[in-house]
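Subject: Structure for your review

Dear colleague,

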Amino acid sequence: APFVLELDRQGRMRTEFTVGGQRGVRAWDGRTGWEQLPLPGERPRLMGPEDAAEARAQADVDLSPLVDAAAKGYTIELVGRDRLPGGDTWKLIVRGNQVPPRTMHLDARTNLVVQTLDRRDVDGREVEFVTEVGDYRAVNGLVFPHRIDVGPKGSPERQSLVIRKVEVNPPLDPSRFAM
């Protein structure tokens, strides 16, 4: 499904997507999370606490807990080096900011994130998820991934995100984030 992710420096996020010709929205306005499901006649509604916490975390305009970690409430522990199929990595454990700990693997040559492991609640049970990140490209002097694959660890089921376009500092009306 095509989607547009908008982030602003004030900690707001909006994802708009289309499924079967219907528009859906997930947003964080800086204080609360809300969503509108892509169903005919569906009205915007507040998110539950778990989804709101996830939306709040997605509102990080730096797209990483590694940028200004202490100010964001994270602690980072360097566990050491590891080896993934793509090569050597630095293995980090990220804790804090009201989210479960996660493991991040950074390419040892480029220091770019190539894999993240985290635990999520799925139908009342904790499941480990793997996020693989790649196809990094420079945009306005910054480097962004253009491919993200996510799925349960050990499962062939994956959600693949292909980023076609990145804009840095476009004008965003604050009303875009309001329910």
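A residue is called buried under 20% relative accessible area, exposed over 50%, and partly exposed in between, with a 1.4 Å probe and protein chains only. Of the 179 residues of the protein chain, 34% count as buried. The model is a predicted one, in which local features need pLDDT of at least 70 and side-chain atom pairs count only at pLDDT 80 or more, while totals for chains, interfaces and linings use all residues. Residues are numbered from 1 along each chain as its sequence is written, and side-chain values use heavy atoms, with hydrogens and water left out.

Overall architecture

The protein chain contains one helix and 12 strands; these are DSSP runs numbered from the N terminus, helices being H or I of at least four residues and strands E of at least two. In sequence order the pattern is β-β-β-β-β-α-β-β-β-β-β-β-β. The radius of gyration of the protein chain is 17 Å, close to the 16 Å that the globule rule gives for 179 residues, so the chain is as compact as a globular protein of that length. That radius is taken over C-alpha atoms, and the rule is 2.2 Å times the number of residues to the power 0.38. Along the principal axes, the C-alpha atoms fill a box of roughly 50 × 40 × 30 Å.

Strand pairing

Two strands are said to pair if DSSP finds at least two bridges between them. Five strands form an open sheet with antiparallel pairing, in the order S1-S2-S3-S4-S5. Strand S1 (3-8) and strand S5 (45-46) are at its edges with a single partner strand each, so one side of each has no neighbour in the sheet. S1 pairs with strand S2 (residues 12-19) in the antiparallel sense over six bridges, and here Val4 stands opposite Glu16 in S2.

Strand S6 (residues 74-84) and strand S7 (residues 87-96) are also paired in the antiparallel sense, over 10 bridges. A hairpin of two residues joins S6 to S7.

Charges and rings

A charge sits over a ring if NZ of Lys or CZ of Arg is within 6 Å of the ring centre and within 35 degrees of the ring normal. Arg81 stands opposite Trp90 in S7, and the charged end of Arg81 sits over the ring of Trp90, 4.7 Å from its centre. The charged end of Arg120 likewise sits over the ring of Phe129, at 4.5 Å from its centre.

With kind regards
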